[in-house]
Amino acid sequence: MSSADGAAPRIALAVRALAAGYGDQPVVEGVDLDVPLGQVVAVAGPNGAGKSTLLKAILGIARLLGGRITLDGADVTRLPLQKLARLGVGYVPQLDDVFDALRVRENLEMGGYLCTRRERAQRFDRTLTVFPQLTPLLERYVETLSGGQRKMTAIARVLMLDPKILVLDEPTAGLSPELSRMVLHEQVRVLGDLGTSVLLVEQKAVAALEVSDWAYLMVRGRVVMSAPAATILADPSMREVFLGGAGTAAAVEGASR
Ligand SMILES: Nc1ncnc2c1ncn2[C@@H]1O[C@H](COP(=O)(O)OP(=O)(O)OP(=O)(O)O)[C@@H](O)[C@H]1O
Ligand SMILES: [Mg+2]
């Protein structure tokens, strides 16, 4: 994860010793995670591993029980979602990520609610440069779109905030394998290539690894593996653990952090 000149990359988002849940008992614990500037970082793991809880804790939605979160070096621990949005954290939740009863254009306009009218117009144009596929869909109601188009609208809506870092919770949930690959390659990777840092939660581990620079595996609320995505893809045993779901991963829990 070092840059060409050997200097350590700048870290867009850093999480240290995070513990979080919904009551007094932690659902996730001891999580350390870095998202370097302009990189795509994936968090994979089985159902119920705590992936969404981790994101919600970072975003000030779940209950933070301990730990520290920094954004480009500045402490943002316990800041609420609205403040984080103003600081450049864009969040696309697993569910309820878009307004069904509104047109695509209206969804994007609502995404720019924090901007001036002029900024909104500029960002609207730029968002359509990133996702030109949305241009012919602007007047369509979201409820009439396909799953992939809908997810693109959800991501585009958050792009209207011009985020420094985009946090995506299972952007491929409910999509076919083919559409999932399209969303990951044509939407998530494109953002990474444009210099936006991305923290991506995905259950579709191979597809996520293919578009990520670095990956974490979470099992039962803890990070049990962390490595460059290319290394995991190339190493049969790491790959097996990563793809093995709860059973295999639990067997190595704590062993290869
Ligand atoms: N709002 C909530 N209140 C109480 N417990 C919750 C809440 N949301 C999630 N949990 C619990 O926290 C644990 C982790 O859930 P979480 O949604 O973070 O998992 P996940 O890794 O995102 O799973 P999935 O892949 O199914 O989305 C689960 O045991 C779940 O039941
Ligand atoms: Mg989840």
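Residues are numbered from 1 along each chain as its sequence is written, and chains are lettered from A, with ligands numbered from 1, in the order in which they are written. This is a predicted model, in which local features need pLDDT of at least 70 and side-chain atom pairs count only at pLDDT 80 or more, while totals for chains, interfaces and linings use all residues.

**The whole chain**

Helices (H or I, at least four residues) and strands (E, at least two) are DSSP runs, numbered from the N terminus. Along the principal axes, the C-alpha atoms fill a box of roughly 50 × 45 × 40 Å. Of the 257 residues, 43% are buried. A residue counts as buried if 20 or more other C-beta atoms, placed from the backbone, lie within 10 Å of its own, as exposed if 12 or fewer do, and as partly exposed in between.

**The sheet of six strands**

Next, colour the 6 strands of the open sheet with the order E6-E7-E8-E3-E9-E10, where the pairing is mixed. Its edge strands are E6 (89-92) and E10 (222-228), each of which pairs on one side only. Two strands pair if DSSP finds at least two bridges between them. Zoom in on E7 and E8, which run parallel and are joined by 5 bridges. Valine 167 has leucine 199 in E8 as its bridge partner.

**The sheet of four strands**

Turn to the open sheet of 4 strands, ordered E2-E1-E4-E5 with antiparallel pairing. E2 (26-36) and E5 (74-75) each have a single partner strand, so one side of each lacks a neighbour in the sheet. E1 (residues 11-21) pairs with E2 over 7 bridges in the antiparallel sense. Show isoleucine 11, which stands opposite proline 36 in E2.

**Helix H6**

Which strands does H6 lie across? Helix H6 lies across E3, E7 and E8, running at about 150 degrees to E8. For such angles, axes are lines fitted to C-alpha atoms, for helices over the stretch in contact, and angles run from 0 to 180 degrees between N-to-C directions. Two residues are in contact if their C-beta atoms, placed from the backbone, lie within 7 Å. Select the buried residues Ser180, Val183, Leu184, Gln187, Val188 and Leu191 of H6. Their cover includes E3 (40-44), H5 (147-159), E7 (165-169), E8 (197-201) and H7 (205-211). Just after H6, glycine 195 takes a positive phi of about 100 degrees.

**The nonpolar core**

The largest nonpolar core has 73 residues, and among those with the most contacts inside it are Ala42, Val167 and Leu200. Such a core is a set of buried Ala, Val, Leu, Ile, Met, Phe, Trp, Tyr and Cys residues joined through C-beta atoms within 7 Å. Now select leucine 200: neighbours within four places in sequence aside, leucine 200 is in contact with Val40, Val41, Ala42, Leu168, Val188, Ala208 and Ser212.

**Two loop residues**

Most residues other than glycine have a negative phi. Glutamate 170, however, has a positive phi near 45 degrees. Glutamate 170 sits in the loop between E7 and H6 and is buried, with 23 other C-beta atoms within 10 Å. Finish at arginine 220, whose phi is also positive, at about 45 degrees. Arginine 220 is found in the loop between E9 (214-219) and E10 and is partly exposed, with 17 other C-beta atoms within 10 Å.
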